[in-house]
Amino acid sequence: MKKLLIIFFMATNIVSGQAIKQDKLVHAGGSYFLSSAVSSLIYSKTKNKNKSLAIGFAVSMLVGIGEQIHDINHGKPDIKDVLANTIGSTLGIITIRITI
């Protein structure tokens, strides 16, 4: 977990003491919630740990990437948002993997 946080800080250029941007926290937190919720739901239906983790991660990432695709025409897409989504999704499935 420490390694993931270090990678996140380095990739988003906030090692220099800058505050974490609210947008990145929202992306990571939303992806964390979505991946863990979907993984938990799928596991309760299938009892297949690997399948539930893969689907939880995939759904969360697809939502995040879909939001960035939407931002191409209606906002400002940012690759760092996808990185925050990846970190949040990964932490979400790690949490669920530990508990199931």
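Mentor: Start with helix α2, residues 22–46. At 1.5 Å a residue, its 25 residues should span 36 Å, and its end C-alpha atoms are 36 Å apart, which agrees. The expected span is 1.5 Å times one less than the number of residues.

Trainee: What counts as a helix or a strand?

Mentor: Both are DSSP runs, numbered from the N terminus: helices are H or I with at least four residues, strands are E with at least two.

Trainee: And what kind of model is this?

Mentor: A predicted one; local features need pLDDT of at least 70, side-chain atom pairs count only at pLDDT 80 or more, and totals for chains, interfaces and linings use all residues. Residues are numbered from 1 along each chain as its sequence is written, and side-chain values use heavy atoms, leaving out hydrogens and water.

Trainee: Where is confidence lowest in the protein chain?

Mentor: In helix α1, residues 2–11, at a mean of 64. The highest is α3, at 96. pLDDT is the predictor's confidence in each residue, from 0 to 100. The mean for the protein chain is 88, and 81% of its residues reach 70 or more.

Trainee: Why does Ser36 count as buried?

Mentor: Because its relative accessible area is 12%.

Trainee: What does Ser36 touch, leaving aside neighbours within four places in sequence?

Mentor: Ser36 is in contact with Gly92 and Ile96. Contact means heavy atoms within 4.5 Å.

Trainee: What follows α2?

Mentor: Lys47, whose phi is positive, near 60 degrees.

Trainee: New topic. Is Ile72 buried or exposed?

Mentor: Exposed, because its relative accessible area is 55%. Ile72 sits in helix α3, residues 49–74.

Trainee: Which residues make a nonpolar surface patch with Ile72?

Mentor: Ile65 and Ile69; with Ile72 they make a patch of about 280 Å². An α-helix has 3.6 residues a turn, so residues three or four places apart point the same way.

Trainee: How much of the whole protein chain is buried?

Mentor: Of its 100 residues, 31% count as buried.

Note on methods: Patch = residues over 30% accessible without salt bridge, like charges linked within 9 Å, V, L, I, M, F, W, Y side chains within 5 Å. Areas by Shrake-Rupley, 256 points an atom, 1.4 Å probe, with all protein chains shown as cover. Salt bridge = Lys/Arg side-chain N within 4 Å of Asp/Glu carboxyl O. Buried < 20%, exposed > 50% of the residue type's maximum accessible area, 1.4 Å probe, protein only.
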